[in-house]
Amino acid sequence: MKKDYNRTDFLKMLANAGIRSSVQRLAILEYVFMCESHPAAEEIYSALVRSNPMLSRTTVFNNLRLLSEKGILNDMDISSESTRYDSTDTPPHAHFMCRKCRRIFDIPLAMPVMSAPHGFHCDNVNVFFKGVCPQCMEKSDVDKKK
Ligand SMILES: [Zn+2]
Ligand SMILES: [Zn+2]
């Protein structure tokens, strides 16, 4: 579901949301939008700090919160361990989290199935499935046969 993004796309998103652009914000957006795995904040921080040693964890966490509040990122409290992040520039989709490998898969949705009641302003809808992914199912079948 991901497409190619360049710096101009990210600058436009920040401008539309009324947020000033910064090297850190661009790096965070680039990482989350290019990453298929719905990364957690800690994972984003560890990936970015490698090429940017001055980056602080607080900066990353604060920016993730801001970008989510402004609707550029989707913050998903799908797991009790950590919030996972996704881009919002995708067709509506649900998520399936595998309890064994902790990966999150995109599941296509025909249309947004729900809408908030009249008078509520909603900026985030999440549909979650949890269970075991095909690869982990296969692995546990093999283990059972051993
Ligand atoms: Zn799995
Ligand atoms: Zn997703």
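Modeller: The model discussed here is predicted.

Biologist: In which order do the elements run from the N terminus?

Modeller: The protein chain holds five helices and five strands. Read from the N terminus on, the order is α-α-α-α-β-β-β-β-β-α.

Biologist: Are H2 and H3 parallel or oblique to each other?

Modeller: Helix H2 covers residues 23–34 and helix H3 residues 41–51, and their axes lie 10 Å apart. The angle at which H2 and H3 pack is about 120 degrees. Angles from 65 to 115 degrees count as roughly perpendicular and those over 145 as roughly antiparallel, with the rest between these ranges counted as oblique. The relation of H2 to H3 is therefore oblique.

Biologist: How are H2 and H4 oriented to each other?

Modeller: Helix H4 spans residues 57–69, and its axis comes within 10 Å of the axis of H2. The two axes cross at roughly 70 degrees. Since the range for this class is 65 to 115 degrees, H2 and H4 are therefore roughly perpendicular.

Biologist: How many residues of the contact of H2 with H4 are charged?

Modeller: On the H2 side the residues are Gln24, Arg25 and Ile28. They meet Thr59, Val60, Asn63, Leu64 and Leu67 of H4. Four residues of this contact are nonpolar and three polar, and the number charged is one.

Biologist: Which strands are the edge strands of the open sheet?

Modeller: Three strands form this sheet in the order E4-E3-E5, with mixed pairing. E3 (residues 93–98) and E4 (residues 104–108) run antiparallel and are joined by five bridges. E3 and E5 (residues 128–131) run parallel, joined by four bridges. The edge strands, each pairing on one side only, are E4 and E5.

Biologist: Which residue takes a positive phi in the hairpin of E3 and E4?

Modeller: Five residues lie between the strands of this hairpin. The positive phi is near 65 degrees, and the residue that takes it is Arg102.

Biologist: What percentage of the contacts with a separation of 6 or more comes from residues 24 or more positions apart?

Modeller: Two residues count as in contact if their C-beta atoms lie within 7 Å. For contacts in the protein chain with a separation of 6 or more, residues 24 or more positions apart account for 49%.

Conventions
Residues are numbered from 1 along each chain as its sequence is written. Chains are lettered from A and ligands numbered from 1 in the order in which they are written. This is a predicted model: local features need pLDDT of at least 70, side-chain atom pairs count only at pLDDT 80 or more; totals for chains, interfaces and linings use all residues. Helices (H or I, at least four residues) and strands (E, at least two) are DSSP runs, numbered from the N terminus. Axes are lines fitted to C-alpha atoms, for helices over the stretch in contact, and angles run from 0 to 180 degrees between N-to-C directions. Angles under 35 degrees count as roughly parallel, over 145 as roughly antiparallel, 65 to 115 as roughly perpendicular and the rest as oblique. Two strands pair if DSSP finds at least two bridges between them. Ala, Val, Leu, Ile, Met, Phe, Trp, Tyr, Cys and Pro count as nonpolar, Asp, Glu, Lys and Arg as charged, and the others, Gly among them, as polar.
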